[in-house]
Amino acid sequence: MIRIHFLTPFAKMVEAVITESILGRAASKGYVMYEIHDLFTFADAPHYKIDDYQFGGGSGMVMKPEPIFRAYDDVLKDMPAGTCPRVIFPTPDGRLLNHAFAMELSREENLIFINGHYKGIDQRVRDEIVTDEISIGDYVLTGGELPTLVILDSMIRLIPGVLNSYESAQTDSFTSGLLDYPHYTRPEKFRGHEVPKILMSGHHKMIADWRLEKQKEKTRERRSDLWKKYLASQEIGVKNG
Ligand code: ADE
């Protein structure tokens with residue numbers, strides 16, 4: 001069972017998502033346990049401020065270090081001595097999230113997500129506590145909750161047993177290094193568009209070949225970066241095989 005801790009000023013936003021759908025089901029099936037830690041409860045009375053002006057001037061507030069350090073210490077005190085959980089800080093200047101990283105996270109026992117807001121968080125939190133700074137893409141969101149939930153969703157579904165066989169992650173885009181092939185369901189004819197005949201042939205080998213061809217086509221057209229990696233991995237496979 002993996003334990004996920006959220007250090008956030010917007011507890012309700014996180015709660016709304018983790019209690020629903022597959023993230024919620026993963027918890028009720030015992031694969032994951034979520035704990036939300038509201039940063040306001042770790043701020044100083046009487047104002048319970050979690051942000052302040054930045055030194056050196058400039059627009060935008062910065063999240064204060066004390067509430068985050070206190071919340072972090074509070075989480076750590078309930079873990080066995082010597083536990084050093086990975087601490088994820090979603091930020092647009094982090095390393096780009098990908099399938100390999102989601103897979104790596106899905107194998108951890110404890111994870112702490114720190115959700116930043118405003119202009120960001122005091123650098124000392126990043127220097128002292130954070131182990132992984134992760135971006136979900138080259139655009140800026142208003143806070144860390146949505147990127148945290150994106151990272152979470154991408155990794156929880158990879159924990160063996162979380163998805164049932166219909167939802168299986170085995171044939172996802174990226175598992176093979178290629179984008180996904182097209183999928184069809186009933187009806188066979190819809191508004192003049194027919195499902196490709198090959199899928200109705202019952203010929204498993206031909207269907208698999210057709211799907212792989214579609215994957216290659218799509219990857220070559222849309223993602224030259226992935227396509228180059230795929231070609232390189234095929235060459236290595238040929239040399240080693
Ligand atoms: N916080 C704000 N924007 C973000 C992004 N693109 N990725 C991760 N965290 C963020």
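**Reading a helix, a sheet and one histidine**

Mentor: Helix 3 has P65, P67, I68, A71, Y72 and V75 as buried residues. Keep in mind that this is a predicted model.

Trainee: How should I think about positions along a helix in general?

Mentor: An α-helix has 3.6 residues a turn, so residues three or four places apart point the same way.

Trainee: And what do the buried residues of helix 3 pack against?

Mentor: Their partners are strand 1, strand 2, strand 4 (62-63), strand 5, strand 6 and helix 5 (123-128).

Trainee: How many residues does helix 3 have, and what span should they give?

Mentor: There are 13 residues, and at 1.5 Å a residue they should span 18 Å. The end C-alpha atoms of helix 3 are 18 Å apart, so the two values agree.

Trainee: Now the sheet. What holds strands together?

Mentor: Strands of a sheet pair through backbone hydrogen bonds, either parallel or antiparallel. Here, five strands make an open sheet with parallel pairing, in the order 2-1-6-5-7.

Trainee: Which strands are at the edges?

Mentor: Strand 2 (32-38) and strand 7 (132-135), since each of them pairs on one side only. Ignoring direction, neighbouring strands of this sheet are turned against each other by 30 degrees on average.

Trainee: How many bridges join strand 5 to strand 7?

Mentor: Five bridges link strand 5 (residues 86-96) with strand 7, and the two run parallel.

Trainee: Let me try a single residue. Is H37 buried or exposed?

Mentor: A residue counts as buried under 20% relative accessible area. H37 has 10% relative accessibility, so H37 counts as buried. You will find H37 in strand 2.

Trainee: What is in contact with H37, apart from its neighbours within four places in sequence?

Mentor: H5, F6, L7, T8, F42 and V75. With H5 there is a polar contact of 2.9 Å between the side chains.

Trainee: Finally, how is the protein chain divided?

Mentor: Into domain 1 (2-156) and domain 2 (171-240). Their C-alpha centres lie 36 Å apart.

How values were computed. Residues are numbered from 1 along each chain as its sequence is written. This is a predicted model: local features need pLDDT of at least 70, side-chain atom pairs count only at pLDDT 80 or more; totals for chains, interfaces and linings use all residues. Side-chain values use heavy atoms; hydrogens and water are left out. Two strands pair if DSSP finds at least two bridges between them. Helices (H or I, at least four residues) and strands (E, at least two) are DSSP runs, numbered from the N terminus. Axes are lines fitted to C-alpha atoms, for helices over the stretch in contact, and angles run from 0 to 180 degrees between N-to-C directions. Buried means under 20% relative accessible area, exposed over 50%, partly exposed in between (1.4 Å probe, protein chains only). A polar contact is a pair of N or O atoms within 3.5 Å; within protein, one must be able to donate a hydrogen and the other to accept it, and residues adjacent in sequence count only if both atoms are side-chain atoms. Contact means heavy atoms within 4.5 Å. Domain bounds come from an automatic or database domain assignment. The expected span of a helix is 1.5 Å times one less than its number of residues.
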